[in-house]
Each structure stands twice: as structure tokens, then as C-alpha cells.
Amino acid sequence: MNPIQLLTSNYVINVGFLAWLAAQVLKTLLAYIPNKKIIWERMVGSGGMPSSHSALVCAISVGIARTLGYDSPEFGLSLALAGIVMYDAMGVRRAAGEQAKVLNRMVIDFKDMFQMIKEEFDALAKGEQLGDVGERIDGRRKALKEFLGHTPLEVLCGAILGIVIAMVVPVK
């Protein structure tokens, strides 16, 4: 049996991958609506609605339950793993994303402040009047990723998506 046949013959892997893919496609479509353009980063990036991490671990957990039983140790382990992943997505990763937003804003603010001071000194040195220096964003600076974690609603929707997919896809 070749590696592709081996991977696609595993029900648990199939439902997990399908749930992850469905969440990523939905995330990309939901990002398209307000922007009117496809943001391809949403197909592989973390964060956003619905949580692909939650969809993946819930689909795997339900897939294990359907194949090995709800009383199996593997189901218990997968359920614990799903809980940890979803808790982490709402907690640590979300906090890191919020901190990234603040840090990105601070970098822009400090850069603008120093740029305005430099322009004021340059203008005063030339004897010119000071003008209004608007907000600038440096396109060369690489910003920290802000889409890292999830709101509880995004995690819940991802979990529901994963559970539904695992329940709909028939067990072999």
C-alpha cells in the first residue's frame, strides 16, 4: 500500500483533515466578505472564525469515539487533548495576539514621534513653518502577527464544525 492510500484509509485522519480544511476555507471566505479580496494567508494562518485547531481536535476526538468507542482510553486522551488545545487557543495564544497589536501600535507611534521631531528640527533649521505631520506606517517594518488566538465564539464554532463533520462522514 502506498503512503497516500495508507493516509486516506484512516478515518480519524480523514475527518480531522477535512474539518481543518473546511475551517480554513470558511475562514478565507469570511475574510473575503468585508475586504472584497481573497487573503490567501487565511488559508494557512491561525486565528479567526472558525477555529481550525478546534475543528481538527474535535473531529479527531469524535472520530476516535466512533471507531473505538466512547469508553476507550484513546477517546479519553483525545478529549483531554482537545480541551487543552481549545483552552490554549482562547487563553495564551489570544493574549499573545493582543500583545502583538499593542506592540505593533507602539512601534508605529514611536517611529512617528521621532519622525515628527526630526521634521520639526529640519523645518526650524530651514526657517520654515511647521506643518501637520500625519500618521505614517512604515511599509518596510515587519509587524508581529496579530491573528494568533481565538474568541470563545470562534473556538465554539470550530468545535461544532469538527463534531458535525466527524458525525456526518461515515465510518468505514
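Mentor: Just after α2, K36 takes a positive phi of about 60°. Helices here are DSSP runs of H or I with at least four residues, strands are E runs of at least two, and both are numbered from the N terminus. The model is predicted, so to speak of local features we need pLDDT of at least 70, while side-chain atom pairs count only at pLDDT 80 or more and totals for chains, interfaces and linings use all residues. Residues are numbered from 1 along each chain as its sequence is written, and side-chain values use heavy atoms, with hydrogens and water left out.

Stay with K36 for a moment. K36 is not a glycine, yet its phi is positive. Most residues other than glycine have a negative phi. K36 sits in the loop between α2 and α3. K36 counts as exposed because its relative accessibility is 60%; exposed means over 50% relative accessible area, buried under 20%, and partly exposed in between, with a 1.4 Å probe and protein chains only.

Now the helix itself. α2 covers residues 11–35, which is 25 residues. The expected span is 1.5 Å times one less than the number of residues. For α2 that gives 36 Å, and the end C-alpha atoms are 36 Å apart, so the two agree. At the start of α2, a side-chain oxygen of N10 comes to within 2.9 Å of the backbone nitrogen of V12. That is a polar contact: N or O atoms within 3.5 Å, where within protein one must be able to donate a hydrogen and the other to accept it, and residues adjacent in sequence count only if both atoms are side-chain atoms.

Which residues of α2 are buried? They are Y11, V12, V15, G16, A19, A23, Q24, K27, T28 and A31. Their cover includes α3 (52–68) and α6 (152–168). Take A19 as one of them. Leaving aside residues up to four places away in sequence, A19 touches A55, L56, A59, L161, G162 and I165. Contact means heavy atoms within 4.5 Å.

Those touches lead to the core. A nonpolar core is a set of buried Ala, Val, Leu, Ile, Met, Phe, Trp, Tyr and Cys residues joined through side-chain atoms within 4.5 Å. The largest one has 14 residues, and those with the most contacts inside it are Y11, V15, A19, A55, A59, L161 and A166. α2, α3 and α6 each supply at least two of its residues. A second, separate core has seven residues, among them C58, M86, A89 and V155. In soluble globular proteins, nonpolar side chains tend to be buried together.

Look across to α3. Its 17 residues should span 24 Å at 1.5 Å a residue, and the end C-alpha atoms are 24 Å apart, which agrees. Its buried residues include A55, C58 and A59. The buried residues of α3 pack against α2, α4 (73–90) and α6. After α3 comes G69, with a positive phi near 105°.

Finally, set α2 in the chain. There are six helices and zero strands. Buried residues make up 31% of the 172 residues. Among contacts between residues at least 6 apart in sequence, 72% join residues at least 24 apart.
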